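Thanks for asking me to look this over with you. Here are my notes, point by point, to read with the structure open beside you.

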Amino acid sequence: MSKAFIAQVLQDSLGCTGVAANRAAGELIAAIVKDMKKQGGFTLPSFGTFTVRKTKARKGMNPRTGEPVKIKAGKTVRFKASPNLRKSV
């Protein structure tokens with residue numbers, strides 16, 4: 001799924017222009033990201049839950065050279081599908 005796909009669905013369902021649908025899709029994505037930063041997660045009922053998880057610093061390996069590499073701590077996003085979504089797919 002892409003921003004263009006979301007914009008196309010919005011345009012078809014609302015009957016608005018492509019520019020307005022693209023702006024609405026961008027605003028929707030920005031609102032989701034903002035809520036995830038603030039709350040640490042985002043839930044779409046009947047679809048699933050996105051959660052932000054912290055990752056620890058760790059050692060890795062460069063697959064090309066085989067050299068050990070230090071990987072910094074950071075954050076990642078996880079998704080857990082709802083039971084309704086699992087049944088549908």
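1. S46 sits in the loop between β1 and β2. Its backbone deserves a look: S46 is not a glycine, and yet its phi is positive, at about 65 degrees. Please keep in mind throughout that this is a predicted model.

2. Now move along to F47, which lies in that loop between β1 (41-44) and β2 (48-55). How many aromatic pairs does the structure hold? There are two. In one of them, the ring centres of F47 and F79 are 5.5 Å apart and the planes meet at 50 degrees, so this pair is tilted. The angle falls between the cut-offs, since stacked needs under 30 degrees and edge-to-face needs over 60.

3. Where does the partner come from? F79 belongs to strand β5 (residues 74-81), so its pairing with F47 ties together parts that are 32 residues apart in sequence.

4. F47 has a relative accessibility of 33% and counts as partly exposed. F79 is partly exposed at 38%, and F50 is partly exposed at 23%.

5. Next, step back to the whole chain. It is divided into domain 1 (1-39) and domain 2 (40-88). The C-alpha centres of the two domains lie 23 Å apart. Six residues from domain 1 and six residues from domain 2 take part in the contact.

6. What do the domains bury between them? The area is about 480 Å², and 70% of it is on carbon and sulfur atoms. On the domain 1 side, I32, M36 and Q39 provide 83% of the area buried against domain 2, more than any other three residues.

7. Finally, look at the polar side of this interface. Between domain 1 and domain 2 there are zero salt bridges. One residue pair is in polar contact between the domains, with both residues at pLDDT 80 or more.

Terms used
Residues numbered from 1 in each chain as written. Predicted model: local features only at pLDDT ≥ 70, side-chain atom pairs only at ≥ 80, totals over all residues. Heavy atoms only, no water. Phe/Tyr/Trp six-rings, centres within 6.5 Å; stacked < 30°, edge-to-face > 60°. Helix = DSSP H or I, 4+ residues; strand = E, 2+ residues; numbered from the N terminus. Buried < 20%, exposed > 50% of the residue type's maximum accessible area, 1.4 Å probe, protein only. Domains from an automatic or database assignment. Contact = heavy atoms within 4.5 Å. Buried area = accessible area lost by both parts, 1.4 Å probe. Salt bridge = Lys/Arg side-chain N within 4 Å of Asp/Glu carboxyl O. Polar contact = N/O pair within 3.5 Å; in protein donor to acceptor, adjacent residues only side chain to side chain.
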